Amino acid sequence: MADAEAHGHGGETRRDFILLLGNAMAVVGVGALAWPLIDSLSPAADTKAASTTEVDLAPIKAGQRVSVKWRGSPVFIEHRTPETIARAVKDDKVSMPDPQPDAERHQEGKAQWLVMVGVCTHLGCIPLGQNTGDKRGDYGGWFCPCHGSHYDASGRIRKGPAPKNLPVPDYRFVTDTRIVIGEKPKKPAA
Amino acid sequence: MSAMPTTPQPRWMRWVEQRLPIFSFVQHFNEYPTPKNLNYFWNFGSLAGITLVIMIVSGIVLAMHYTPHVDYAFDSVERIRRDVNHGWLLRSMHANGGAMFFIAVYIHVFRGLYYGSYKAPREIVWWMGIIILLLMMATAFMGYVLPWGQMSFWAAKVITNLFSAIPLVGEDITTWLWGGFTVDQPTLNRFYSLHYLLPFIIVGVVVVHIWSLHTVKSGNPLGIDVKSPKDTIPFHPYYTVKDMFGLGVFLLIWSIFVFFAPDFMGHPDNYIPADSQVTPPHIVPEWYFLPFYAILRATPDILFINAKLAGVIAMFGSILLLFFLPWLDSSKVRSANYRPAYRVAFWILVVDCIVLGFCGANPPEGAWLHISRAATAWYFFHFLILVPIIARVETPKPLPFSISEPVVKPAVARA
């Protein structure tokens with residue numbers, strides 16, 4: 001360009017600098033405007049505020065499975081019998097896609113309470129097994145009918161396309177028989 | 001000017017260009033020969049265009065948070081302001097953006113009136129502009145209804161009732177617009193749909209507006225034709241830079257409203273949820289509709305036409321008559337700088353429109369009613385009688401020979 005020649009001898013000119021600065025500021029400005037638009041799509045304050053669910057465990061009898069809604073998805077709660085716990089612990093050493101001992105699937109001293117997000121880790125369907133008469137899969141846990149994933153008595157994936165065990169959410173025992181799902185358990189004092 | 005080749009160089013660009021002439025299209029915009037004497041009043045077209053884009057982008061995101069239901073609309077807007085991340089910013093940008101859009105467009109229109117932008121060969125550019133203005137008004141009105149406050153509801157009621165003034169079929173048309181016996185859920189739902197649709201129609205008309213403009217080329221403050229390439233400069237970088245500077249100032253003013261006075265142009269009554277059983281004692285439209293509202297209320301019975309119908313005709317007529325302006329003003333001189341009488345009439349019209357605005361904001365009683373009637377009469381007198389007469393009797397000042405001439409030889413003016 002003719003004006004560039006008038007300004008320098010091949011080096012950078014004041015105009016080049018201003019142009020660069022101007023363009024950079026424009027990019028920053030557009031970014032500053034784009035961010036609120038993008039961030040507004042994240043969960044809003046009222047959505048986040050409704051993100052814990054309190055459950056009374058007292059009415060749940062041994063061997064019974066109950067579903068509650070937490071953050072829009074079902075949470076499976078099972079009051080496990082000693083036989084079920086034994087069956088889950090027995091498989092701890094067996095090879096599986098996402099190895100995890102049963103002790104890590106429940107809170108300390110509360111082996112009878114299995115609490116898991118009831119969403120298949122394959123593509124998000126709700127596995128069967130909560131209702132009497134449901135198919136429970138080859139391992140007597142849960143069975144996802146969408147693509148055939150089998151979960152065991154500890155909610156661990158044993159067979160089928162799902163890559164991970166049913167996730168255990170954060171939950172805290174408020175009393176011996178009440179939990180708040182969505183809150184981290186209190187660390188015992190060291 | 002620049003030594004840019006007409007055909008793009010790299011092979012992939014040539015390949016694309018032969019199939020989709022996108023590069024020559026961009027090049028056309030860069031090199032668009034623009035008169036070199038444009039003043040800052042020529043900024044407002046691009047400002048309006050950028051505002052339209054910002055409105056569409058913010059509107060699309062707001063639509064993701066809004067619920068078009070009579071029971072939830074008001075609360076969903078409050079939720080946007082309180083709970084949605086940066087929702088306060090988006091709502092404020094969009095609501096005040098409507099007003100900023102009208103500021104830009106009104107200045108753009110009055111620029112056109114002053115500099116004769118409606119005259120040959122730019123009549124179609126002008127007409128597309130009027131269509132854009134009408135679409136904008138419909139869009140702004142329907143957008144104002146969406147928050148479903150008291151002002152929203154009664155604006156919807158009053159404006160849809162305008163159509164009931166039409167003889168014979170008026171009542172049926174109004175019922176059809178409502179989709180019920182009054183403004184209700186079906187009305188809100190269809191207004192939401194149309195409020196989303198119309199901006200994209202506006203984009204389409206804007207494309208035709210610019211297409212026509214780029215065929216006949218831009219006007220300029222002297223109102224004379226471009227005589228030689230010496231009279232023009234390429235749009236880029238000269239006017240892109242000037243437009244960007246103007247945009248910076250415009251966005252600063254917009255930001256003052258967004259961040260420091262988000263409700264400055266709103267009405268407190270719109271924070272009362274819509275109540276179909278109670279009309280607020282004093283209802284007014286947003287400021288940008290006030291002059292038209294004044295015309296609506298000022299018009300009395302005219303001959304065999306009752307005041308209701310006459311008011312509606314006058315209000316719509318005040319915009320529709322602009323379509324005929326290219327013929328109403330038969331003067332060959334475009335710029336008011338060279339038309340001493342027209343220039344005075346122009347400024348009186350500006351004052352008249354502002355007076356009408358104040359009339360629209362006040363109740364139609366006492367002195368305000370008389371002022372409204374006088375100002376309305378003057379508005380129509382200006383366009384229908386004064387402008388045609390001035391065009392015939394006025395002696396324009398001598399025009400400069402070319403755009404470059406007054407710069408090169410300021411002292412010499414050739415008649």
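At roughly what angle do the axes of helix α6 and helix α7 of chain B cross? The views below, taken from a predicted model, start there.

**View 1. Helix α6 against helix α7 in chain B.** The axes of α6 (residues 123–145) and α7 (residues 150–161) cross at roughly 135 degrees and come within 7 Å. The two helices are therefore oblique to each other. From α6(B), the contact uses B:Phe141, B:Tyr144 and B:Val145. From α7(B), it uses B:Met151, B:Ser152, B:Ala155, B:Ala156 and B:Ile159. By class, these residues are seven nonpolar, one polar and no charged.

View 2. B:His94 has 18% relative accessibility, so B:His94 counts as buried. Its side chain reaches the backbone oxygen of B:Met55 at 3.3 Å. Beyond its neighbours within four places in sequence, B:His94 contacts B:Met55, B:Ser58, B:Gly59, B:Leu62 and B:His195.

**View 3. Aromatic pairs of chain B.** Over all chains, the structure holds 32 aromatic pairs. The ring centres of B:Tyr118 and B:Trp126 lie 5.4 Å apart, with planes at 55 degrees, so this pair is tilted. Both residues are buried. B:Trp127 and B:Trp327 also form a tilted pair, with centres 5.8 Å apart and planes at 40 degrees. This pair links distant parts of the chain: B:Trp127 sits in helix α6 and B:Trp327 in helix α13 (residues 325–328), 200 residues apart. B:Trp127 is partly exposed at 24% relative accessible area, whereas B:Trp327 is exposed at 57%.

**View 4. An aromatic cluster in chain B.** Ring pairs join B:Trp42, B:Phe110, B:Tyr114, B:Tyr115, B:Phe346 and B:Trp347.

Conventions:
Residues are numbered from 1 along each chain as its sequence is written. Chains are lettered from A and ligands numbered from 1 in the order in which they are written. This is a predicted model: local features need pLDDT of at least 70, side-chain atom pairs count only at pLDDT 80 or more; totals for chains, interfaces and linings use all residues. Side-chain values use heavy atoms; hydrogens and water are left out. Axes are lines fitted to C-alpha atoms, for helices over the stretch in contact, and angles run from 0 to 180 degrees between N-to-C directions. Helices (H or I, at least four residues) and strands (E, at least two) are DSSP runs, numbered from the N terminus. Angles under 35 degrees count as roughly parallel, over 145 as roughly antiparallel, 65 to 115 as roughly perpendicular and the rest as oblique. Contact means heavy atoms within 4.5 Å. Ala, Val, Leu, Ile, Met, Phe, Trp, Tyr, Cys and Pro count as nonpolar, Asp, Glu, Lys and Arg as charged, and the others, Gly among them, as polar. Buried means under 20% relative accessible area, exposed over 50%, partly exposed in between (1.4 Å probe, protein chains only). A polar contact is a pair of N or O atoms within 3.5 Å; within protein, one must be able to donate a hydrogen and the other to accept it, and residues adjacent in sequence count only if both atoms are side-chain atoms. Rings of Phe, Tyr and Trp (its six-membered ring) pair if their centres lie within 6.5 Å; planes under 30 degrees apart count as stacked, over 60 as edge-to-face and the rest as tilted.
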